[in-house]
Amino acid sequence: MKKLIVSLGVLAALLLTGCAHKKPYDYSAFRASKPASILVLPADNRAPDVNAANSFTSLVTRPLAEAGYYVFPVAVVDETFQQNGLTNGHEIQAVSPQRLHDIFHADSALYISVTDYGSSYQVIQSVTKVSATARLVDLRSGKELWQGIATASDAEDGNNNNGGIIGMLVSAAIKQIASNVSDKAHTIAGVTSARLLAQNEQGGLLVGPRYKLATVR
């Protein structure tokens, strides 16, 4: 028993030590770049749902604008790429930073990849989950300024059911049908987007030059 207590104590100490020495996010390139404008590229969809890219991309303009950046209108950006024969997010993100800067004259570009999007039936529960990663790249130098990852699901609030295993199965089936009908994934994507683009200095985005003006509005 004493050995178990000592072992647990050592483990706790190691965990606390790891937390205390967590390496802070390196914002040196971000601060040196000082981007004022962001070009949001169409997302690279790695999820099965064909609507994932458009859904997620449509939700990132607001948090970026509220963070104090000028964000190029998504519809105008999409139209520009279509006129140049590019309609797929994966292909668009392969365009060189220099070329993007020549076309849009933006300071930076946000590269988004959607890795999970939609509802899945998991034996006794149906879960709607959206996960995404993002990179902010300086289009003038090609340097990566920031990267982040976020996820959200409707299972975060728990999924309690007092009706036994049959009740849980029925509840999961009904929940998945409702999710498909209402496109609940789009709502969850809004939460993921807010988490991904949160403004903080613990791995989140730094605020832009228009931040004070955006908060006054």
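A residue counts as buried under 20% relative accessible area, as exposed over 50%, and as partly exposed in between, using a 1.4 Å probe and protein chains only. By that rule Ile149 is exposed, because its relative accessibility is 68%. The model is predicted, so local features need pLDDT of at least 70 and side-chain atom pairs count only at pLDDT 80 or more, while totals for chains, interfaces and linings use all residues. Residues are numbered from 1 along each chain as its sequence is written, and side-chain values use heavy atoms, with hydrogens and water left out.

**Overall make-up**

- The protein chain has 10 helices and 6 strands; helices (H or I, at least four residues) and strands (E, at least two) are DSSP runs, numbered from the N terminus.
- Buried residues make up 36% of the 217 residues of the protein chain.
- The protein chain exposes about 12,800 Å², of which carbon and sulfur atoms supply 57%; accessible areas come from the Shrake-Rupley method with a 1.4 Å probe, and for residues only the protein chains shown count as cover.
- Among contacts in the protein chain with a separation of 6 or more, 73% come from residues 24 or more positions apart; a contact means heavy atoms within 4.5 Å.

**Helix α9**

- Helix α9 covers residues 184-196, which is 13 residues, and its first and last C-alpha atoms are 19 Å apart, close to the 18 Å expected at 1.5 Å a residue; the expected span is 1.5 Å times one less than the number of residues.
- The buried residues in α9 are Ala185, Ile188, Ala189, Thr192, Ser193 and Leu196.
- Seen down the axis of α9, these buried residues fall within an arc of 150°, so they line one face of the helix; the arc is that of the directions from the helix axis to the C-beta atoms.

**Two residues in their surroundings**

- Ile149 lies in strand β6, residues 144-153.
- Leaving aside residues up to four places away in sequence, Ile149 touches Ala132, Thr133 and Leu196.
- Ile149 and Ala134 are 15 residues apart in sequence, with 6.4 Å between their C-alpha atoms.
- Val77 lies in helix α5 and is buried, because its relative accessible area is 1%.
- Leaving aside residues up to four places away in sequence, Val77 touches Leu39, Val40, Phe72 and Phe104.
- Val77 and Phe104 are 27 residues apart along the chain, and their C-alpha atoms are separated by 8.6 Å.

**The largest pocket**

- The largest pocket holds about 250 Å³ of space.
- Of its 19 lining residues, Pro42, Ala53, Asn54, Thr87 and Gly89 are the closest to the centre of the largest pocket.
- Two or more lining residues come from each of β2 (44-45), α3 (52-57), α5 (74-83) and α6 (89-92), and α5 gives the most, with 4 residues.
- On a 1 Å grid over the protein atoms alone, a pocket is an open set of points with protein on both sides within 12 Å along at least five of seven lines, a cavity is a set where a 1.4 Å probe fits but cannot get out, and lining residues have an atom within 4 Å of a point.
- Grid points are joined across faces, edges and corners, and a volume is the space filled by probe spheres set on the points.

**Positive phi angles**

- Most residues other than glycine have a negative phi.
- Lys34, although not a glycine, has a positive phi of about 50°; Lys34 lies in the loop between α2 (28-33) and β1 (37-40) and is exposed at 64% relative accessibility.
- His105, also not a glycine, has a positive phi of about 60°; His105 is in the loop between α7 (97-104) and β4 (108-122) and is exposed at 57% relative accessibility.
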